[in-house]
Amino acid sequence: MRKATRALSRLYDDTLAPLGVTVAQFGILKAIWREPDLALSRLADEMVMDRTSLYRMLTPMTSAGWIAIASPTKGRAKTVTLTAEGESLLARARQLWGEAQTRVVGTYGADRWQALESAISELTHLSVGLNA
């Protein structure tokens, strides 16, 4: 699994490189886009990352102006949103990622890809449950 993950990550990283974004950053941008004002702790859970690793990834994204982290109000957790620049980047990245995804699925086979996605999703949920 790790070999396949590294190989696919390299393909997507190379695809997204002209935009200056990695596939891991792209995944984070998509998660934030899906749920604006997302609590950082919830984002870490959704990305199946520990908070320290997530915060390390968010720092350059904040510096680049793609995301904004809001300071908590009384009793609330820090939240993250996409900036206008982040939304623009995500739109361009989605197009490039989609083109690469079409090549991968076309080569691998749509039915096989769908079965693989389903199995990976199930395995992720199982693994998260075992770690709880």
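Helices are taken here as DSSP runs of at least four residues, numbered from the N terminus. In this predicted model, five of these elements, namely helix 1 (2-16), helix 2 (23-34), helix 3 (40-46), helix 5 (84-108) and helix 6 (110-131), each contribute at least two residues to the lining of the largest pocket. The space in this pocket comes to about 1,800 Å³, and its lining consists of 33 residues, with T5, S9, M47, I120 and T124 lying nearest the centre. By residue class, the lining comprises 18 nonpolar, eight polar and seven charged residues. Helix 6 supplies the most to the lining, with ten residues.

The patch is formed by M1, Y108, L116, I120, L123, L126 and L130, which together have about 670 Å² of accessible area.

Most residues other than glycine have a negative phi. D37, although it is not a glycine, has a positive phi of about 60°, and D37 is placed in the loop between helix 2 and strand 1 (38-39). A positive phi, near 55°, is likewise found for V48, which belongs to the loop between helix 3 and helix 4 (51-63). With a relative accessible area of 52%, V48 is exposed.

Definitions and conventions: Residues numbered from 1 in each chain as written. Predicted model: local features only at pLDDT ≥ 70, side-chain atom pairs only at ≥ 80, totals over all residues. Heavy atoms only, no water. 1 Å grid on protein atoms, 1.4 Å probe; cavity = no way out; pocket = protein on both sides within 12 Å on 5 of 7 lines; lining within 4 Å. Points joined across faces, edges and corners; volume = space filled by probe spheres on them. Nonpolar A, V, L, I, M, F, W, Y, C, P; charged D, E, K, R; others polar. Patch = residues over 30% accessible without salt bridge, like charges linked within 9 Å, V, L, I, M, F, W, Y side chains within 5 Å. Areas by Shrake-Rupley, 256 points an atom, 1.4 Å probe, with all protein chains shown as cover. Salt bridge = Lys/Arg side-chain N within 4 Å of Asp/Glu carboxyl O. Buried < 20%, exposed > 50% of the residue type's maximum accessible area, 1.4 Å probe, protein only.
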